[in-house]
Structures are given as structure tokens and as C-alpha cells.
Amino acid sequence: MLGRTGGGTLEGDGFRRALRAHRRDLPGLLDQGDPCDWNIRVDTDIVSRLFDPAWYRSQAKLDTSVDALAHFRLAGAKRKYSPHPLFHPEFYVWQAAELGPVGDCPFTHYLTEGWRAGLSPHPMLSVPWLRQQHPTLQDAEPIQFLMDTGLEKVAFSPLFVPGPYRAARPHLASSDGADFARHFITVGWRDGLPTHPLFSPDAYVLQAPAAATYEFGVAAHYVQDGWRSGTPISPAFDRHWYLRQQPAAASLDAALHYINIGWRLGASPNPLFDVSWYEHQIGGAPGNESHLEHYLSKGWRDHKSPHPLFDLHWYVAAAKTTGAVHPYLHFLAVGDAMRHSAHPLFNPTLYLAWYPDVAASGVPPHRHYAAAGHREMRRPHPMFDPEHYAWHSPNPAEAVRGGLLHYLRAQPSERRHPHPLFDGEALRAQSTRAMAGVDPLVDYVQSRMAPRSKTISAAAWKGRVKTRRSSAQDPSKSRPRPGHQPLVSVLLPVYSSPQPHLARAIESVRAQTYPAWELVIVDDGSPKMDTFRFCEGEARRDPRLKVIRNKKNGGISAATNTALNAATGEFVAMLDHDDVLKPEALELLVGKLLDEEADAAYSDQAYITDAGGWDGEFHKPDWSPTFLYGVMYVGHLLIVRRELALRVGGFDSKFDRVQDFEFMLRVSEHTSRIAHLPEIIYYWRRTPGSIAHDASAKGVIEPLQAAAVNGHFARTGFPGEAHPHERLPHRLRIVPKVDTNAAPPVLIVMGGQPDEATLARSRTLLKRSGTAARLKVLHGSGQAAISELEEIVARTTEQTLVYWDASARPSSPQFVRYLEMHLSREDVACAALHSSTREGLVVQAGGMTSESGLHAAMKGFHIRADGHAGSLACDREVRAVLGPILGVRLDRLREIGPLDRDLGSPVSALVDISIRAQGLGLRNVNIAGCVAVVAANSSALPAVDQILLAQKHAAVFSLPDPYALPMYDTERATKLSV
């Protein structure tokens, strides 16, 4: 029992003489009167019964000659020395602050007012919880009640279970239950060892991020706030699920009921723990501990499974890392909600895509299927058809009720037909793994289907197979080189950030498979301290986090610059406060940087909803500076050499809202070594108020976007101007800059044997353009025209050649200026106009290549459409130009080599030049601002020339097109209307 002996008299000279011997403890107090009048404010009998002299002396460091109660009365109360093991003065003062000042003596306040108001005397004691467990306590003071009853005989804290507590501390020799209770309340609750078999601080923080910064620790957060707000003691214990099985525990602590009674009655702690399944694996009931305790402490190490849907090794591979948290707890706390698959035969992404009602409910997919979905005949995976399985099952009624869960429990002979196209016995005869006992369907999904790393979209359910570009390199080469792991500083500006999203962002950095990182968090003067305190708490848990607070709100650029200046890494990566990194993000992107010796790199990205559901993907071309003029396409994840980021001046506050776009423009002025990782490693959350959620959320940003590009043009001498697109948000039109200086001479060669009317119309158009252009006509056709063109090129002194097929009409007389504008860049060899029919259907928007040959990009789209993220509406780089109207820098043409006379037309010969130009590191550009209008039956190139070009450039065409995506190909994309 805890101490209950009397504390001595409150009057007389004895205690004064003793106290004077300890003036180090009472300087000046004897002449100031009593700071706490016990005779008036507290019944002396109550004080004497609750005051523990031995405990108090240990706290105040007094010897036995000092009257402990008198010392407490005169000095200890004010100094917040604890008068009893069950009273924690600092905690009580912190907790009672909402009621106002507690005076000089917190213990007095507690005994007279606090306990009646439901305030708790100790971090591990909760008065509301005690009253719920012990109805007789309603009108009694809790400390007195516990002393009279005996701590060893009563449940006094939601986090103390004697048996497991004793087992975790074999060094405690005493077997007296009271001694263990005293040890817990005085020392054990904060010694870092388990106090409750289901409570894991790391797992609890995943459910309640605020606990990480709670003043008195994670355990105290659960005792004081967590259980009352409904936060489970463990991700593995679902109170609502448990009470459906044991309604008699509704008025009790359900977790303690489960540990003491419920498990013996066969109750399950959550939908994803199957008692019979687990007992079958361990050979019966676990003995003197619950099934869940046994699994968390022993079973998982022996590779046992708590549920048919949880495969430990599969989940660890899918989630990549769970940090310090037990994999099963990680899965239940966050993994299920993040759609990490826990079993080869359950695809959470598809499950939510197929069943929008489940996605809308917010219930994680595995939990839903285990609790209800299997009985509702819902489909868990493309290779498992529950109706087909039930039809062919020897026990169809049970198969209907159990679905995949019945299949996984069934004997191998009963698992033959999970899908109309799958025969388990046939595969068993072909697979070594299946012969060795692995389920044939599991073996098929793991070994023979497409790798799990590829996203299976909801479109697959509708019958459309979605393809993706793959890197030209072996993925294994996109890993950091052995022995060289440069430090990456992740920059994270925050401002009144939603704590759950911020916690998830920070956790995604902690979960990185790449070890060499630091996270620099800058609170940009949030009005309340909650965000800063939360980040500070995270930093206390992990020294790799730096937290800085700006005194005033300076905006996103200022906050990012603060983080940049505090960073120490060789590279910096930008992360938004509510977004999420894939665990391999830094590993893959740093590997790409090192492999290509780049100064910056960016990746593809996906969108997630505010609740964390999948909401689309954004695949990007390789580095395309021209495309960047019109579209803020680089986005996330971006990583840059820190030295380069500082050299360009960091982020510019004048461009807040488009600051990362403007920053990237300045980066491109200092380096062209910019790599692209064609993998989704960044999840951009579409929270209300963000551009990801609503393109107009940040107001009209196009003028700011145009100002950033025009500043870039001014610094680099590019003869163009950027203007907001007249129809499409976040898009810019790039037009030739009006220049009063004489334009460089241009040679225009018209092919296609024009008639006199066409020539007259063309000369009139050129006069209106104001360009210094000389027009010559090719009189021959086919290979003869190529020879004629070559002779003209050999004799001309102009700097630019424009080929104009007579069948095409430019949409603007300024078409030559559009071509000249892009050809003014020394690293651009060719430029061409998009072409469309008079009805507005695209004939070509550049040439894209694949192993099957050369294709017209976006053929059949409407010319006024945006394309994929601006790819049709904006100028961009292409692998080849396909013009009927195209331009070539003549110095580059002579450098590349002669025209190929084996081809059948001048256009084909110039297309060949554009393909060869890339071998010299030159670029080709297709122009959206001016269009070549052609007849409806026009084709980009003659069919024979397409075959010849495919044969000639087979080695090039076998590599992925750096500027094309599958959605640019009409055969793989839906045609876009106006």
C-alpha cells in the first residue's frame, strides 16, 4: 500500500527549529507568514491521511529531523513538491489552468475544488475514467478512494496491467502487487518499458499526432485525452467492433475487458484479427495472454498471420518501411488508409475505384472487406471473381458468405476456380513454387502478372489498358551509387497547417528508404503556436528535423528561403505541408541526379483527395524548356543543388503563388543539366483552397505567370512575349516580340508545285507579315525536289530556311516570325507549326516515335483543346517536326549533313534532319500559337517515307521518346472536344 501515516503537528516550536536548520530550503519564508493556511482551507484529518511524509522527504530531499508536513505547509507547496505519489503538482497546475489560478498550493486547490470538477491529480490517473470504472467513486475523492481500496486490488489507470507490467521488468524483485503499482505511478509510467500490452507510443502517435507534443508525454495524452475522444489505445483494438461482440463492456474500459475477459470468450479485437485463423496457426489458445498480445509479442516473429488478409512480408514490401512501429500496427494505423496492399490477392486501389460507396464512407479498404465486403460479394482483386468461385465451390453457401476469406481458408483442392480464366490445378503443375505449397493464384499474382510497382488504374476495370512510359535505363541504375549518398535537405514551409496532413507529410519524409536527409521546417509566423509546437515536438523525437519560426508572416517564398539558408545538404528538395512522398522518392531521384550528373531533377506526380484517396496522375515529358514557357509543368518533386539554388537567389516573393515556377525559370538560365524521373513518387493533396483542388483557388495567376516568363525572356534575350491564354487557365501564349529593328533575312521555299493563284496569295500574305523574306519555288517533285532544295541551300546567304507546302495555309501572316522566334535559340535546329483541318481536327502536333515508327502526335484531337496538361495548347519540344510549314536554321542544317535523297519528298528529308539533329544535342520545337491549315485528307508524311525513316532510325526509335507520353497517341487517348 502507498503511505498513509500522519504528518505531525501543525503548531509548536519543534518544527520551526528543525526548519531553521534547513534555511537553504526556506530563505526568508519564516518571516513572511504561511503561504498556505491549512487550518482554514483544508480539514486537518484529510491532510494527515493523504500526506505521505516519506514520499515528500524523498521529493524535497529532507532528513528525518524535519517535520515534513510543516515544511510542505511553509515552503514545499509553493515550490510544487509532491505531497503524495498520486499527486503530480506540475501536471495539476497545467491541467487546472482553464479554471483560473490555483494559488500557492495546488494540493489545496485539488482537495477543495479540483477533484469535484473532474480534474485529475496525476498524468496516469483520469478522474472521469475512474468514475466510469467504479460507480461508487462518484462522490468520493479519488486519491482517498484508491488508498482505502488498495491500488493492487482495483483498476486505477487505463495504462496499467499488472501481469505484463511485471513481465517487462524482471529486475523488480518484489512480488507484492502494491509495490508494482507504486513503481508504475512513481517511475514506470515514464521509464520507456511497456505498461500495457496493447499500448505502443509510436503507433499511438500515428493515430493522434498531437500526442507527440503533449506536455507530459504520449502515454499521458492517452490517459487524459485519448480514451475520452475515442482514440483507440492501439490501432489493433477497435472498441466499436469489440462492443458489437461484448456489449456488456460498454460501461467499462473495453481494452481492459478484452485483456482480462474478452479474449477468453473468443472475442476479436478488430475486424482484421481472426481468432480461429490465429489459433489454427499456433495450435490452440495462447495460454495466459490474449491472442493479440501473443501475436504482437511472439507470433509475428514466428511468421504467424493475424488474419487471412494480412501477409507480413507482402505488406512490408508494399509499405517499404514502417519505421519503429510494428508492421501490423503500422498497417492498421496508416497503411490501410494509404492503400498499401496487405495481401497479394487484395488490391486496395481498385477496390475503392470499383466501389465508390466504400471510398465515400472513409472506411479503409481492407477493414471494409474484412468486416462487410466479403459477405457482400465484392471483388477484392482482378483475378478473384467471388461469384465464379462460389459457383464452383464444393460449399457454395459458405463461399458466398466468405468470398476471398473463404478461399484463403479452404483446402487446396477447393481453390481451383477463383476466376473464369484461371485453373489452379493447371498452374500448380507448372509452377515450382505452387508445387512447394504456395497458393497457385498467389504465385500467379506475385510472379506472372505485371509488377506491383506499376499502378493499375480504375480504367482497367472499364476495359481500357493504361500504358506508361518506362525509363530508357535499367531502373536499378537509378539508385544512389554505393558509397556516395549526398545529404538532401527537404524544405518544408508551414503556416497554420492542418495537423493531420502535416503529420503525414513529416512521416513520409521519415519513411524514406534513402538515409541521408534532413528536414528543415519553417513556421512562417502562424497566428497560433499550435503548428510550431507540433513541429518542435516532432523535432524532439527525431534530430534530423530542424524547426525555425519566422516572427512575421513573410509568405511562401520568404519561408522557403529561410529553410534554404538553414539547409546544409548538397541538394534541396521542396515539399508542401500537406503532401506526401513515396518511401523511395529521395532514393530514386538522387539516383537519377547522380546517374545523369544533373544539377536538378523532377519527377511525375499523382493527386490525392483531402481524405487521402487517389485522384489522378500527372505524367511529364523530359526536360522541355519551351514547354515550360507556357505550362508550369515541372511541379513536384523538384530537387536542386543547394549551391545552384542559392546562386540564382532563391525564391522571389514578388512571384508568390507561382514562386516555384519562376524559380525554375531562373535555374534553367544557369544549367541545362536537368533530369526527369518518369515515376510517380510525389502525392499532391487536393485540399480545398489549393490549386491542385481548384485551378482558380489562388485567384488569377496568369498575369503573374506571364511576368515570370517575360522576365526570363528579357534576361536571356529571347525575342518573344508571354500572354495569358485567352481560353485556358494556367496557360500562356508565346508570340513574337514586336521589334523595329530589321529582321534577319529568311529564305522561304514553296514546294508542292503551286499554281499562280496560290503564289499570288502567298506573296500578299508575306508582304503583310513585314518579314524580310525571299520566296523561291521548287518546280520538281519527289526526289527531284530534294535535289533542287539542296542546290538552293548551297547557294543561299540567308540564316533561316522555311519550307512551305503549297497545300497549307498559315493561320496568321506572322507565321514566319513565330518560326524565327524559336530558331533564334542556338540549340534549336528545327521548328514547325501544328497543322489541322479546316474543321479544326489536328493532323499533327509534332512527331513522336516508338518501336513501331514515327507517329503524328495528337492526331484527331480538336485544335482548340488543351491536350494533356497543355501539350496541345502550348509550344513544346518534339522528337521530330512533321510540318507542312517548318523552319530550319541553315547553320545547323549544314552541320547536320546533306539531305537524304532516298526519301520521297522535301518534307520527309527535313523531318530526317530534325531526327538527326537530336544526336548532336539540338532541340526541335512545335508551335501552337500559329497553325498550318490543310485539307481533311492530308497526312503528315507519305507512308513509304514513314517506313524508310523507321528503318533508318530504328536504334533511336527503340528508345523512349523523351517528349511524348502515351496520351499523345490517338490510339491510346480519348479525343478531346472544344
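Analyst: A strand here is a DSSP run of E with at least two residues, numbered from the N terminus, and two strands pair if DSSP finds at least two bridges between them. The model under discussion is a predicted one. In it, a hairpin connects strand 18 to strand 19 through two residues.

User: What makes strand 18 and strand 19 a pair?

Analyst: Four bridges run between strand 18 (residues 847-850) and strand 19 (residues 853-856), in the antiparallel sense. The criterion asks for at least two bridges, so the two strands count as paired. Within this pairing, G847 stands opposite A856.

User: How do you know that strand 8 pairs with strand 4, and what links strand 8 to strand 6?

Analyst: Strand 4 (residues 571-574) and strand 8 (residues 638-641) share three bridges and are antiparallel; F571 has R641 as its bridge partner. Strand 6 (residues 600-609) also pairs with strand 8 in the antiparallel sense, over three bridges, and there Y602 is bridged to L638. The threshold is at least two bridges, so the pairing of strand 4 with strand 8 qualifies, and so does that of strand 6 with strand 8.

User: Why is Q133 called buried?

Analyst: The relative accessible area of Q133 is 14%. Buried means under 20%, so Q133 falls in that class. Q133 is found in helix 8 (residues 127-133).

User: Which residues is Q133 in contact with, leaving aside its neighbours within four places in sequence?

Analyst: Those residues are S251, L252 and D253. The C-alpha atoms of Q133 and A155 are separated by 7.7 Å, and these two residues lie 22 residues apart along the chain.

User: What makes the approach of the Q133 and Q132 side chains a polar contact?

Analyst: The distance between them is 2.7 Å. The limit for such a pair of N or O atoms is 3.5 Å, and residues adjacent in sequence count only if both atoms are side-chain atoms.

User: Why are C874 and C930 called buried?

Analyst: C874 has 1% relative accessibility and C930 has 0%. The cut-off is under 20%, so both cysteines are classed as buried. As for disulfides, the count is zero.

User: What makes the ring pair of Y165 and F184 edge-to-face?

Analyst: The structure holds 47 aromatic pairs. In the pair of Y165 and F184, the ring centres are 5.9 Å apart and the planes stand at 90 degrees. Y165 belongs to helix 10 (residues 162-167) and F184 to helix 11 (residues 177-186), so the pair ties together parts 19 residues apart in sequence. Both Y165 and F184 are buried.

User: How do you know that W804 and F815 form an edge-to-face pair?

Analyst: Their rings lie 5.0 Å centre to centre, with 65 degrees between the planes. An angle over 60 degrees is required, so the label applies. W804 is in strand 14 (residues 800-805) and F815 in helix 38 (residues 815-823), eleven residues apart. Both W804 and F815 are buried.

User: Which residues do ring pairs link into a cluster?

Analyst: The cluster comprises F51, Y56, F72, Y81, F87, Y92, F107 and Y110.

Note on methods:
Residues are numbered from 1 along each chain as its sequence is written. This is a predicted model: local features need pLDDT of at least 70, side-chain atom pairs count only at pLDDT 80 or more; totals for chains, interfaces and linings use all residues. Side-chain values use heavy atoms; hydrogens and water are left out. Buried means under 20% relative accessible area, exposed over 50%, partly exposed in between (1.4 Å probe, protein chains only). Contact means heavy atoms within 4.5 Å. A polar contact is a pair of N or O atoms within 3.5 Å; within protein, one must be able to donate a hydrogen and the other to accept it, and residues adjacent in sequence count only if both atoms are side-chain atoms. A disulfide is a pair of cysteine sulfur atoms within 2.5 Å. Rings of Phe, Tyr and Trp (its six-membered ring) pair if their centres lie within 6.5 Å; planes under 30 degrees apart count as stacked, over 60 as edge-to-face and the rest as tilted.
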